[in-house]
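Thanks for asking me to look this one over. Could you open the structure beside this note and follow along as you read?

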Amino acid sequence: MPSNNGKPKKNQKREQTTLREVAAAAKVSEMTVSRVLRQTGNVSDKTRAKVLAVVDALGFVPNKIAGSLATSTSNLIAVIVPSLQNQVFTEVLAGLTSHLDQHGYKAVIGISDYDQDKEEELIRSMLSWRPSGFIVSNLSHTEQARRILKNAGIPLVEMMDTTAEPIDSSVGVDHYAAGALMAHHFMEKGYRRLGYLGWNKHDRTARKRFEGFNRVLAEYGMAFEGLMEFDRPPDIAIGKDGLFNLLIDHPDLEAVYFPNDVAAVGGLFHCLEAKINVPGSLAIGGFSGLQIGQLMPQPLTTVIVKRFEIGRRSAEHIVDRLNGKIVERISTIELKLAPGGTT
């Protein structure tokens, strides 16, 4: 995992791939490339396939802004988040848009639904309108999406995660550290028979929190006794049903880690309904610091993430870069354990 030493690094200027470069690499005229991309004119199948292969290899995205507008400065910032179905990303977007609005920029927002192929499609579509900057969630993308973003020639922020090398710059938290923080708290409380309930199929940051937690357990010579994963993104209902099923298979668990507060609140609802004493009979820990968890009769023990600050700082990085300023390449936001009434 890379560490942030706090020293700003100068962001390298990333030149955008041009139609001329595509034509030169494919050994055809610029007019031929244009015809292939617009699907007009007489171009042989062989030439068309060759041009499209070069387009993919170079990560080229055609400009849909016609005429003189193609060279105009855009006030649009492209933003892709995986979901708007929970409070996490609405707060991130609130921080992001508030800063952009103050500086005359507008966010154009796409939703990837935790699907990397859909994210790639959104990246292609949004870049075709030539935004001035790009903000995308997390550090994991398809190889083609990474190539396109790398060659986009505009400031890019990958937000929410700082546990790997960014394409350009990143703003977020260390998710391995978040999982480890809760694991150490469980250990200090004396819990030893532990369960895990989460959704990791596409949520790669949740997987990192799981791995960070598991790493601490290994240091203690332990492992999760009960593991169950959701088959869809987390919500209150699946957290409630999931804990019910997990406890059927593992009734002796002392504590359960949810890598998401929304699902953890669902787990608390199950405990209230089943009259399970929390934390006397079962402890619960989460991640995010969502308001709903803190307003429960027993505030949820969680790891607080400054989501508004992640959005605000991501937008700040873009605006500063557009104004020629140097920013930190990796900007890590502080995590804080909130020991509530559930552990």
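The points below go through strands, a sheet, a surface patch and a helix in turn.

1. A word on the model before anything else: it is predicted. Please read every value here with that in mind.

2. Let's begin with strand β6, residues 194–198. All of it is covered: 5 of the 5 residues are buried, so the strand is largely enclosed by the rest of the structure.

3. Which strands pair with β6? One is β8 (residues 255–257), which runs parallel to β6 and is joined to it over 3 bridges. Another is β7 (residues 226–229), also in the parallel sense, with 4 bridges. To find these pairings on screen, look for L194 opposite A255 in β8, and for L197 with its bridge partner M228 in β7.

4. Next, the sheet of 6 strands. Its order is β2-β1-β3-β4-β5-β11, it is open, and the pairing is parallel. The edge strands are β2 (106–111) and β11 (330–332); each has a single partner strand, so one side of each is left without a neighbour in the sheet. From one strand to the next, the twist averages 15°.

5. For the surface, I would point you to a nonpolar patch of about 310 Å², made by I236, F269, L272 and I292. Of these, I236 lies in helix α9, which covers residues 236–249.

6. Finally, helix α10 (residues 261–274). At 1.5 Å a residue, its 14 residues should span 20 Å, and the end C-alpha atoms are 20 Å apart, which agrees. The helix is mostly covered, with 10 of its 14 residues buried. Among the buried residues are D261, V262, A263 and A264, and H270 and C271 also belong to that set.

Methods
Residues numbered from 1 in each chain as written. Predicted model: local features only at pLDDT ≥ 70, side-chain atom pairs only at ≥ 80, totals over all residues. Heavy atoms only, no water. Buried < 20%, exposed > 50% of the residue type's maximum accessible area, 1.4 Å probe, protein only. Helix = DSSP H or I, 4+ residues; strand = E, 2+ residues; numbered from the N terminus. Pairing = 2+ DSSP bridges. Axes fitted to C-alpha atoms, helices over the stretch in contact; angles between N-to-C directions. Patch = residues over 30% accessible without salt bridge, like charges linked within 9 Å, V, L, I, M, F, W, Y side chains within 5 Å. Areas by Shrake-Rupley, 256 points an atom, 1.4 Å probe, with all protein chains shown as cover. Salt bridge = Lys/Arg side-chain N within 4 Å of Asp/Glu carboxyl O. Expected span 1.5 Å × (residues − 1).
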